[in-house]
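Let's take a walk through a protein model together. Keep the picture open while you read, and look for each spot as it comes up.

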Amino acid sequence: KTLRTLFLPTVLPSSFASDMSPSQNKLLTYRRCNEQQKMLNQLLIDRALKAYHVSMEEKCNREPAPPIPELPSTVRKYLFNILTVNYLFLKKCVQSNPIVPIQHQWLMSMLALVPQSLMEGKDRKLLAEKLLGEIMKEYEKSMRRCVVRSVLIKPDIKGLEDEEEAPLPSSPVGLDFSSPWHNSFIQAKSKIFSKLHVLHPTMKSLLDFGYAAFFDSLLVDFSSLRLKEPIDCESLKTDVSLSCSKAEEKILITWYQRVINLFTQNEALNGVKLDQLDSFYNCVAVLMSNQVKDLLTRTVEAFVKLFDPEDRNGPPLFKMELTLDDQRIEFYPSLQDLEEAILFIANRIGQTLQSIQTVHSWLTGDTTTLDAELPKHVLEWATSTLKKRIRDNLEGPKKYFEKYVEKYSWLVDGTAQARVEGFEAEEHSFDEYT
């Protein structure tokens, strides 16, 4: 009743309103509504302060407080609306404040973690720029949310359920987040040194021997093939076989002897326990095997590269002859023989260094050899690639051969002989015989 009495209807005097335009009348009505709303807010605040003072006085006197009368539902609803609007308004103000942008060096540090192979290409550069843009937007959004959470406390009233911002969680007090990493680090380190034999100093010397012997060498020097005159298939097979045999002999005399001499010294097994000897020598065998396989793989890859159509030096030159045998014109060696000879070379390289004893078997008088077999996938790749490139390189000779046979085969397949005999059996004039 008091509120209804206090806020009379917004009606201007007729004498006063008659002199105003509709726009002025509307403006004055809006201003009067704002003034009434301010008065209502002040009344609500005064009532809340009075109730607070009463409660404090009763608390100090230790007397039970009389029940505080509830606000009318309309007033309570209006108060909630005011709180909601004020919170949203303050939130909007806080969010509109400028945010310090993410530092450029942070973005560059993120890009530095991406492998260079993933950054090549125009499309990938555009993708990286797009991702950096998303990072900048997410950073700004997170910073605004953090500022709102730090400054404002969302009231627990109806209408703000969908608002995500809430007070920041308080830091835990009295909790120990330290990790006893040092003890576990020492345990892991000692376990690595006791189990992972590749860290043994002898293994480092073994790797150095292999690097010095193999890193820039091949079993066969293919560069000289292109400098020679055209060679026949059998000569090439013989030359490659001899080169592989000589290379194997040289490796056994130099690299293998150095390895054996290394393990005949007493210092080679320092720190290796008796029950770890088998695993230690297994590690030695694996390292030696990997070094030999790498040498074989690189040699096969270099041979396959000779037939690469994009190689400006061109493939090796092979000597081919056109022969007449039993009234047939054909290549010698045949194109099939040429392909088999080339594939033979790849297989011959893979058969090299297959009888090297392991260090443990050499020391104990056993006959176990290293697993130095050329990886199956490498041999399959070399075979399929060589077949395709041989087929491509022989397109020209095949066309030439077909054209030659088509043009001259009648001279050797009996057709010309039959025509001569038929001509001689017939009666002709002197001029025709001429």
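## Charged pairs along the helices

The side chains of Asp-392 and Lys-388 form a salt bridge, with 3.2 Å from N to O. Why can these two reach each other? They sit four residues apart in helix α14, so about one helical turn separates them. Both ends of the pair are partly exposed: Asp-392 has a relative accessible area of 44%, and Lys-388 has 47%.

Before going on, keep in mind that this is a predicted model. How many salt bridges does the count come to? The answer is six.

| Salt bridge | N to O distance |
|---|---|
| Lys-237 and Glu-234 | 3.7 Å |
| Asp-294 and Arg-298 | 3.1 Å |
| Asp-392 and Lys-388 | 3.2 Å |

Lys-237 and Glu-234 are three residues apart in helix α9, which means that about one helical turn lies between them. Asp-294 and Arg-298 belong to helix α11, where they are four residues apart, about one turn of the helix. Asp-294 is partly exposed, at 39% relative accessible area.

## The whole protein

Now zoom out. The protein has 434 residues, and 24% of them are buried. Its secondary structure comes to 17 helices and two strands. Now take the contacts between residues with a separation of 6 or more: 71% of these involve residues 24 or more positions apart.

## Inside the nonpolar core

In soluble globular proteins, nonpolar side chains tend to be buried together. Here, the largest nonpolar core holds 57 residues. Which of them touch the most other members? They are Leu-219, Trp-255, Phe-263, Met-288, Phe-303 and Leu-386. At least two residues of this core come from each of α8 (201-214), α9 (233-253), α10 (255-263), α11 (277-305), α12 (335-350) and α14 (376-393). Helix α11 gives the largest share, with 13 residues.

Leaving out residues up to four places away in sequence, Phe-303 touches Phe-222, Ile-342, Ile-345, Ala-346, Ile-349 and Leu-386.

Helix α11 is also where you'll find Ser-289. Is Ser-289 buried or exposed? With a relative accessible area of 6%, Ser-289 is buried, because that value is under the 20% cut-off. Leaving out residues up to four places away in sequence, Ser-289 touches Leu-370, Asp-371 and Ala-372. Ser-289 and Ala-372 are 83 residues apart along the chain, yet 5.3 Å separates their C-alpha atoms.

Rolling a probe the size of a water molecule over the atoms shows where empty space is left. The largest pocket has about 310 Å³ of space. It is lined by 16 residues, and the closest to its centre are Phe-318, Leu-338, Asn-393, Leu-394 and Pro-397. The elements that give two or more residues to this lining are β1 (321-324), α12 and α14. Helix α12 supplies the largest share, three residues. Sorted by class, the lining of the largest pocket has 14 nonpolar residues, one polar and one charged.

The second largest pocket has about 270 Å³ of space. Of its 14 lining residues, Ala-213, Ser-217, Lys-250, Ile-251 and Thr-254 lie nearest the centre. Helices α8, α9 and α10 each supply at least two residues of the lining of the second largest pocket, and the largest share, four residues, comes from α8. By class, this lining has 10 nonpolar, two polar and two charged residues.

Most residues other than glycine have a negative phi, and most peptide bonds are trans.

What kind of peptide bond joins Tyr-332 and Pro-333? It is cis, with omega about -10°. Pro-333 lies in the loop between β2 (329-332) and α12.

The other spot is Leu-353, a residue other than glycine with a positive phi, near 60°. You'll find Leu-353 in the loop between α12 and α13 (359-364). Leu-353 counts as buried, because its relative accessibility is 0%.

Technical notes: Residues numbered from 1 in each chain as written. Predicted model: local features only at pLDDT ≥ 70, side-chain atom pairs only at ≥ 80, totals over all residues. Heavy atoms only, no water. Core = buried A, V, L, I, M, F, W, Y, C linked by side-chain atoms within 4.5 Å. Buried < 20%, exposed > 50% of the residue type's maximum accessible area, 1.4 Å probe, protein only. Contact = heavy atoms within 4.5 Å. 1 Å grid on protein atoms, 1.4 Å probe; cavity = no way out; pocket = protein on both sides within 12 Å on 5 of 7 lines; lining within 4 Å. Points joined across faces, edges and corners; volume = space filled by probe spheres on them. Nonpolar A, V, L, I, M, F, W, Y, C, P; charged D, E, K, R; others polar. Salt bridge = Lys/Arg side-chain N within 4 Å of Asp/Glu carboxyl O.
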